[in-house]
Amino acid sequence: MRAARSASELAARPTGRYFAGKSFAVWCWNDRLFGTTIWGAPDEQAIDALLACWPLYAQLSAAGYSVITDIRRLERFDPAHYPRVLAFAQAHRDRFEAHLTRHALVLGESLPALATSGLYSIAGVQRFERFLDLAAAFDFVAPTLASTARPAVEQLIAAVSHESPTLAKLRAALREGDPALAVDDAAERIGLSTRGLQRELAAAGTTYRDESDRARVELACQLLDTTELKIEAIAHRVGCAQTSGLARLFARMTGEQPSSYRARRRRQASHT
Amino acid sequence: MKPAASLDDFLARPVGRYVVGGHYLAWCANPTLCGSTLWGTVEEADLPALFRLWDLFRHIPSPRFSAVTDARYFEQFTPDLLAAVLGYLRARVDDFGERLDKHAFLVATNTAGAAMIGTYAAAGMSHDWRIFDSSEACFAWLDPAAGPPIGRDLDRLIADARAQDPLLGALHRYLAATKDEPSLERFAATVGRSTRSLQRELTERGTNFRQELTAFRRGKPSRDDS
């Protein structure tokens with residue numbers, strides 16, 4: 001996707017373009033699929049720019065559109081900005097949802113992410129589904145575009161959020177290959193020594209274990225959501241010798257058991 | 001409603017009673033209406049009492065009832081408690097679904113209330129729960145006949161319980177005693193703080209000067225804590 005220099009430039013020629021501000025990017029894959037990614041700790045200027053961009057969705061497509069809002073890497077939601085963002089959401093809710101087909105909110109289970117999803121509910125924004133990873137979000141909003149749009153959006157996010165190139169490569173290797181890859185093998189695959197990889201991950205504020213665990217749980221969620229595989233088989237697929245190992249890992253990362261996650265997601269799906 | 005001596009005492013016989021703890025007030029107005037109010041910051045040491053409090057549903061004699069979770073004065077969960085709170089809620093999705101008729105959340109306009117709502121939504125609750133920013137609307141939804149008077153009684157109990165906080169207690173005494181038009185600046189001077197740090201401390205408690213003044217003028221809380 002190509003960069004627009006401003007929100008108005010994006011509005012003028014949206015398809016295949018994005019506008020990136022400090023801590024966020026708004027992208028338009030085509031006139032039916034838009035998204036926003038927010039990361040870090042947006043300051044007042046970033047909030048102003050974001051609020052200026054969001055009405056674009058409704059302006060750009062009156063025929064029906066889907067949206068992906070990705071806040072997995074939002075690190076802080078400054079309480080000082082909350083009243084303004086809430087008032088904005090309340091004021092724009094009806095227009096935003098009038099032609100909305102599907103809206104996926106991709107979030108981890110951190111406080112800023114849960115506060116953002118809570119803000120949606122408080123503002124009366126009702127038509128959104130929560131996802132833990134971008135792949136499941138694309139499957140929900142635009143399954144036919146998942147194989148083309150998702151890699152492009154992931155690449156865009158990594159580039160504009162200044163994600164460490166090593167971290168981006170590692171995440172892609174874990175996601176597309178084996179999420180339980182040994183650290184030595186992962187380092188070799190992305191052309192670094194084990195020590196070099198560990199040093200770069202430490203500089204990016206993470207560890208190999210955290211990245212591998214996250215990728216394993218993301219894959220487990222995807223398999224629980226989209227297949228009928230037994231938990232035991234899913235445990236093996238994500239590199240756990242026993243189901244108890246997957247249960248421990250899953251509970252540590254998500255606060256629930258794989259079986260209750262699957263039951264809950266199916267219950268939610270049957271309600272929508 | 002009458003006060004119970006302790007959380008254990010309250011849980012043994014909740015109907016018609018309430019209990020006040022360090023960060024909470026729990027109450028059960030009648031066999032089909034109960035609730036809790038949380039304030040301040042919930043830390044790890046508070047979790048066992050909080051979970052027992054939320055398990056109040058196990059002690060309500062009616063098969064189905066309505067509940068209020070009042071988070072207007074709630075400040076925050078420390079981030080490392082989120083997984084435990086989510087785990088607790090997820091384990092009770094079926095229980096809440098079976099027992100709860102209507103469930104109202106009361107929240108203030110702040111990130112703490114939003115985080116509480118987001119946590120509840122992430123747990124995947126399936127029963128009828130709604131969000132309110134005033135106790136009038138909340139209790140009118142729960143029970144149009146009996147609710148609003150119960151809401152007023154509760155607001156008074158909550159104000160009394162929270163007045164045990166030294167800063168809020170001082171503010172309530174100031175509002176009751178001042179002969180001039182109450183002002184944030186004058187109150188800040190009486191408690192030796194800058195207006196900015198006073199505003200911050202009130203925000204941390206999930207309130208602000210205007211909100212306390214409005215509640216005082218409505219004559220709800222018995223503000224004289226002295």
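Modeller: A salt bridge is a side-chain nitrogen of Lys or Arg within 4 Å of a carboxyl oxygen of Asp or Glu. This is a predicted model, where local features need pLDDT of at least 70, side-chain atom pairs count only at pLDDT 80 or more, and totals for chains, interfaces and linings use all residues. Residues are numbered from 1 along each chain as its sequence is written, chains are lettered from A and ligands numbered from 1 in the order in which they are written, and side-chain values use heavy atoms, leaving out hydrogens and water.

Biologist: How many salt bridges are counted between chain A and chain B?

Modeller: Contact here means heavy atoms within 4.5 Å. Chain A brings 23 residues to the contact and chain B brings 26 residues. Between chain A and chain B, the number of salt bridges is zero.

Biologist: What area is buried between chain A and chain B?

Modeller: Buried area is the accessible area (1.4 Å probe) that two parts lose on being put together, summed over both. Carbon and sulfur atoms give 70% of the area buried between chain A and chain B, which is about 1800 Å² in total.

Biologist: Which three residues supply 30% of the area that chain A buries against chain B?

Modeller: These three supply more than any other three residues. They are L111(A), L114(A) and I122(A).

Biologist: Which helix gives the largest share of the side of chain A that touches chain B?

Modeller: Helices (H or I, at least four residues) are DSSP runs, numbered from the N terminus. Here α4 (82–98), α5 (111–123) and α14 (258–271) of chain A each supply at least two residues. The largest share, eight residues, comes from α5(A).
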